[in-house]
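Colleague: I would like to learn how to read the packing in a model such as this one, beginning with the general idea each time and then turning to the case at hand.

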Amino acid sequence: MTTQQIQTVKNSWNIFQDINPVLVGDVFYSRLFLAFPKLRHLFNISVEEQSKKLVEMLNVIVGRLDKMDELTEDIRQLAIRHVQYGVKAAHYEVVGDALLWMLEQGLGKDWNSEVKESWEACYQQIAGTMIDAAGYNK
């Protein structure tokens, strides 16, 4: 990710700090389960609790994007936990689609090609690290 992309992701994520995490997660998970209903069984806690965890995770990731070397090990550990939950490599694409859709809905008129490309780069970097850590590329 470029410095500009990192700043764009950080700036756009700031808007979500004033939105209830449960609402943010509800938009994300509604889209995810609509697109891929079979994923619902991977979640053994309430969508409310999972939504809070999602937003907490995004807060950590976005907050430390400019320190990716410090963030990589946390992302790798997250990936290993996701394997234990039953996450497969193919799930990363549909999750990325749901994330981008959720961001677009939340940002409204502030969603543009620069923001989209920055978030795509961010997600690809994070997902790539997770996929590697999970051993899906071996």
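Modeller: Let us start with what an axis is: a line fitted to C-alpha atoms, taken for helices over the stretch in contact, with angles running from 0 to 180 degrees between N-to-C directions. Helices (H or I, at least four residues) are DSSP runs numbered from the N terminus, as are strands (E, at least two). In this structure, helix 2 and helix 5 pack with their axes 9 Å apart, at an angle of about 135°. Before we go further, note that this is a predicted model, in which local features need pLDDT of at least 70 and side-chain atom pairs count only at pLDDT 80 or more, whereas totals for chains, interfaces and linings use all residues. Residues are numbered from 1 along each chain as its sequence is written, and side-chain values use heavy atoms, with hydrogens and water left out.

Colleague: Which word describes how helix 2 and helix 5 lie to each other?

Modeller: Angles under 35 degrees count as roughly parallel, over 145 as roughly antiparallel, 65 to 115 as roughly perpendicular, and the rest as oblique. Helix 2 and helix 5 are therefore oblique to each other. As for handedness, a crossing is left-handed if the near helix is turned anticlockwise from the far one by less than a right angle, and right-handed if clockwise; the crossing of helix 2 and helix 5 is right-handed.

Colleague: Which residues of helix 2 and helix 5 meet?

Modeller: Contact means heavy atoms within 4.5 Å. From helix 2 come Val24, Val27, Phe28, Arg31, Leu32 and Ala35, and they meet Val94, Val95, Ala98, Leu99, Trp101, Met102 and Gln105 of helix 5. By class, the residues of this contact of helix 2 with helix 5 are 11 nonpolar, 1 polar and 1 charged, where Ala, Val, Leu, Ile, Met, Phe, Trp, Tyr, Cys and Pro count as nonpolar, Asp, Glu, Lys and Arg as charged, and the others, Gly among them, as polar. Setting aside residues up to four places away in sequence, Phe28 touches Leu54 as well as Val95, Ala98, Leu99 and Met102.

Colleague: At what angle do the axes of helix 5 and helix 6 cross?

Modeller: They cross at roughly 150° and come within 11 Å, which makes helix 5 roughly antiparallel to helix 6. The crossing of helix 5 and helix 6 is right-handed. Helix 5 contributes Tyr92, Val95, Gly96, Leu99, Leu100, Leu103 and Leu107 to the contact, and helix 6 contributes Val115, Trp119, Glu120, Tyr123, Ala127, Met130 and Ile131. This contact of helix 5 with helix 6 has 12 nonpolar, 1 polar and 1 charged residues.

Colleague: How many residues does the largest nonpolar core have?

Modeller: A nonpolar core is a set of buried Ala, Val, Leu, Ile, Met, Phe, Trp, Tyr and Cys residues joined through side-chain atoms within 4.5 Å; buried means under 20% relative accessible area, exposed over 50%, and partly exposed in between (1.4 Å probe, protein chains only). The largest such core here has 41 residues, and those with the most contacts inside it are Trp13, Phe28, Leu32, Tyr92, Met102, Leu103 and Trp119. Helix 1 (3–14), helix 2 (21–35), helix 3 (47–63), helix 4 (68–85), helix 5 (91–107) and helix 6 (113–134) each supply at least two residues of this core, and helix 6 gives the most, with 9 residues.

Colleague: Is Trp13 buried or exposed?

Modeller: At 3% relative accessibility, Trp13 counts as buried. Trp13 is placed in helix 1 and, beyond residues up to four places away in sequence, touches Val55, Leu58, Asn59, Val62, Leu103 and Trp119.

Colleague: What does Ser12 touch beyond residues up to four places away in sequence?

Modeller: Ser12, found in helix 1, touches Leu107, Val115 and Trp119 with those residues left out of the count. Ser12 is buried, with a relative accessible area of 7%.

Colleague: Where is Lys38, and is Lys38 buried or exposed?

Modeller: Lys38 has its place in the loop between helix 2 and helix 3, and Lys38 is exposed, with a relative accessible area of 66%. In helix 6, by contrast, Gln125 is found, and Gln125 is partly exposed at a relative accessible area of 27%.
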